[in-house]
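Please look through the sequence and the three-dimensional structure shown here before reading on.

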Amino acid sequence: MNELTNALIEEYGEDLASEIISGFKGKPLTIRVNTLKCDKDYVKEVLDNFNIGYRDVSFYKDALILDCNEDKIREFDIYKKGMIYLQSLSSMIPPLCFDIKANESILDMAAAPGGKTCEIASLSDNKARITATEPNKIRFERLKYNVTKQGARVSVLREDARGLDEFLRFDKILLDAPCSGSGTITNNKFNFDLVNRSVKRQRELLVKASQILKSGGFLLYSTCSILKEENEENIKYLLDMGNMEIVDINNDLFKDIPTLPSTIDGVITVKPNNLYEGFFIALLRKK
């Protein structure tokens, strides 16, 4: 057995690990309607005109599951003009855990390619003050492109968030952290060297987030990993610092989403299946 299979069996047991591995298989195409440029009814009308089937998503009124492939949808003006964004269902969840308000200062610490950044802009009707950082040149250019295409009002910085000025302060911070991708990848792409490198960076980003978050502000931590090393253990590491506390995520909104057991109450670990990628989401507040 390979490293990921062994890790999943150790963490979840053989039966659940087998279900998880089966859930890594292909997903349907899913989109988020960009309400900064159009509404869902318009997108549905376009899809109807081209005889493309679709389904609504229970937890997000602006999401759709499509019965077509990615190449097909890229031909449409609704894609070319940024009226929709191709985004996995699991990756749409983190911004929905924030109660985003106008004029709030919001930081996306690891923003590329920009799906969640633009989702936050859409949820705030472009009225939040959003800063998005990305240190890698190629990924930074992709982030800038998507933000512009989506019509999102975002200050985009080519910078490693770990190096942000310690005197900055934000009302809310999203850290969708670089990770091993253990919730999304096939087994032959996984190794624990990547996990260990990821954990080091994740903890440094979490510490920085706790420093530049306003008192009473909220930090949303997420990864596309389902391993405790990158998730629960990182949250416990941050909680042990003493200035952060867990806030229970509203499970009523996400009751139809398949989940995995967690050693921390109030978080969500999305179970990979035919619709969802594996994902971890935790909401914290600075005391």
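## One side of helix H2

Which residues are buried in helix H2 (residues 14–22)? Leu 16, Ala 17 and Ile 20 are the buried ones, where buried means under 20% relative accessible area, exposed means over 50%, and partly exposed lies in between, with a 1.4 Å probe and protein chains only. These residues lie on the same side of H2 because they cover an arc of only 100° around the axis, the arc being that of the directions from the helix axis to the C-beta atoms. Helices (H or I, at least four residues) and strands (E, at least two) are DSSP runs, numbered from the N terminus.

The face of H2 turned away from the buried side carries Glu 14 and Asp 15, which are exposed. Helix H1 (3–12) is included in what covers the buried residues of H2, and contact here means heavy atoms within 4.5 Å.

## How the model is read

This is a predicted model, in which local features need pLDDT of at least 70 and side-chain atom pairs count only at pLDDT 80 or more, while totals for chains, interfaces and linings use all residues. Residues are numbered from 1 along each chain as its sequence is written, and side-chain values use heavy atoms, with hydrogens and water left out.

## Positions taken from a record

An unreviewed UniProt entry places the feature "binding site" at ten positions that include Ala 111, Gly 115, Glu 134 and Asp 176; such positions are given in the numbering used here, feature names are shortened, and annotations may be inferred rather than shown by experiment.

Ala 111 is found in the loop between strand E5 (105–108) and helix H7 (115–123), and it counts as buried because its relative accessibility is 6%. Not counting residues up to four places away in sequence, Ala 111 touches Thr 117, Ala 132, Thr 133, Glu 134 and Leu 143. Gly 115 has its place in helix H7 and is buried too, at 7% relative accessibility; leaving out residues up to four places away in sequence, Gly 115 touches Arg 32, Tyr 85 and Gln 87.

Thr 117 is also found in H7, and Thr 117 is buried, with a relative accessible area of 0%. Its contacts, not counting residues up to four places away in sequence, include Asp 108, Ala 111, Ile 130 and Val 154. The C-alpha atoms of Thr 117 and Ile 130 are separated by 7.9 Å, although the two are 13 residues apart along the chain.

## The largest pocket

The largest pocket has a volume of about 940 Å³. Of the 40 residues that line this pocket, Tyr 85, Ser 88, Ser 91, Pro 113 and Lys 116 are the closest to its centre. A pocket is an open set of points on a 1 Å grid over the protein atoms alone, with protein on both sides within 12 Å along at least five of seven lines, and lining residues have an atom within 4 Å of a point. Grid points are joined across faces, edges and corners, and a volume is the space filled by probe spheres set on the points.

Helix H8 (137–150) is one of the elements that give two or more residues to the lining, and H8 provides the largest share, five residues.

## A lysine in strand E8

Lys 172 is found in strand E8 (residues 170–176) and counts as buried, at 4% relative accessibility. Leaving aside neighbours within four places in sequence, Lys 172 is in contact with residues including Phe 98, Asp 99, Glu 104 and Phe 218.

Methods. 1 Å grid on protein atoms, 1.4 Å probe; cavity = no way out; pocket = protein on both sides within 12 Å on 5 of 7 lines; lining within 4 Å.
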